[in-house]
Amino acid sequence: MSEFSTGDTLRERTDINKYWFWLLLQANRWLLAVGLAFVIFFVFMTWGVLKPVSLHSTMESSDMVETLFSGLIGAIITGTTLVVTINQLVLSQEISSLGSQRSRMDLTMDFRQNTDSLLGMTTPADPADYLYELIETSEQRAKTLRNTLSETENQELHEQVDEYVADLLENANHAHSLLEDADFGTFDVVSPALDYNYDRKIHHVRRLGMENRDSLTNEERSAFRDLLEVLTMYGPVREYIKNLYIQWALVKLSRAILYAALVALTTAGGMVIFVDPTTFLGTVFGIETVLWVVSAAFAISTLPFLLFISFILRLATLAKQTLSVGPLMLS
């Protein structure tokens with residue numbers, strides 16, 4: 001494999017198993033939380049079936065189930081309040097003075113004017129289109145670099161640039177295919193943005209330009225600078241969109257936990273108040289009915305915590321894979 005060849009996806013550039021990687025980043029967060037709840041339900045059912053003494057007999061001799069769900073009620077209220085409070089603190093940066101908001105607007109418009117000049121068009125307002133146009137511009141300038149160096153006498157440099165451009169175009173085509181029709185608020189925008197490894201491309205184009213600067217013509221130097229410019233512009237745009245997605249995800253997490261907390265509290269409260277050894281008698285599929293009910297109720301009562309786990313797994317992985325901006329390759 002050439003030194004310029006890299007995987008087209010973030011997963012291919014890491015050592016993470018593809019199934020585990022899909023679970024961490026790609027899987028629907030609600031479905032992941034529900035899947036974890038089913039795991040908890042299955043484990044509880046298994047323990048209940050294997051236990052020598054039936055759950056019905058245990059409930060007659062102790063208040064174990066009532067104690068369990070009473071503790072869960074307190075944990076749900078406390079945990080939900082803490083999580084929502086922490087998320088609001090993270091989002092509190094949006095609450096600022098008029099001067100701060102004006103400064104943010106000025107910086108944003110300055111940057112967009114720079115990208116207007118870079119793209120030769122009005123910068124798209126849609127995040128997916130914004131990334132798409134930057135990647136497409138990097139493709140065009142990479143082709144220009146390759147064509148400019150096609151007549152160079154430095155055959156080694158020509159071959160290296162050809163390999164570099166071929167890898168860039170392949171990676172860009174992959175990102176393009178995923179960005180089409182992607183909607184902000186879903187991971188579909190952030191995922192291809194991470195797949196396009198601009199950091200390695202910046203490093204390689206800088207190294208090629210620096211190592212051969214004495215033999216390059218002015219036109220060739222300009223082609224190197226033009227490509228470096230668009231790749232350098234891509235970095236902060238990707239980070240900005242990633243940060244917006246994280247804030248968006250934290251808002252969704254707060255709402256999801258609030259919704260799930262209502263269901264969990266109702267379930268746990270119902271188990272404390274209404275369920276006793278005489279409530280659910282008999283068996284279902286040869287397993288005592290009360291075991292089915294207690295296991296299902298416990299799994300449902302843990303949903304707020306499971307949603308927190310599922311969202312934070314993605315956000316923590318996202319933060320880990322994008323710790324640096326620029327040509328500092330951590331993976």
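Modeller: A helix here is a DSSP run of H or I with at least four residues, and helices are numbered from the N terminus. The model under discussion is a predicted one.

Biologist: In which helix do Glu239 and Lys242 both lie?

Modeller: The side chains of Glu239 and Lys242 meet in a salt bridge, 2.9 Å from N to O. The two residues are three apart, about one turn of the helix, and both lie in helix H10.

Biologist: Is Glu239 buried or exposed?

Modeller: Buried means under 20% relative accessible area. Glu239 has a relative accessibility of 8%, so Glu239 counts as buried.

Biologist: Which residues are linked with Lys242 in a network of salt bridges?

Modeller: Side chains of opposite charge can pair when their charged atoms come close. The network that includes Lys242 also links Arg238 and Glu239.

Biologist: How many residues apart in sequence are the parts that Arg141 and Glu229 tie together?

Modeller: Arg141 and Glu229 form a salt bridge through their side chains, at 3.0 Å from N to O. Arg141 lies in helix H6 (residues 127–148) and Glu229 in helix H10 (residues 218–274), so the separation of the parts they tie together is 88 residues.

How values were computed:
Residues are numbered from 1 along each chain as its sequence is written. This is a predicted model: local features need pLDDT of at least 70, side-chain atom pairs count only at pLDDT 80 or more; totals for chains, interfaces and linings use all residues. Side-chain values use heavy atoms; hydrogens and water are left out. A salt bridge is a side-chain nitrogen of Lys or Arg within 4 Å of a carboxyl oxygen of Asp or Glu. Buried means under 20% relative accessible area, exposed over 50%, partly exposed in between (1.4 Å probe, protein chains only).
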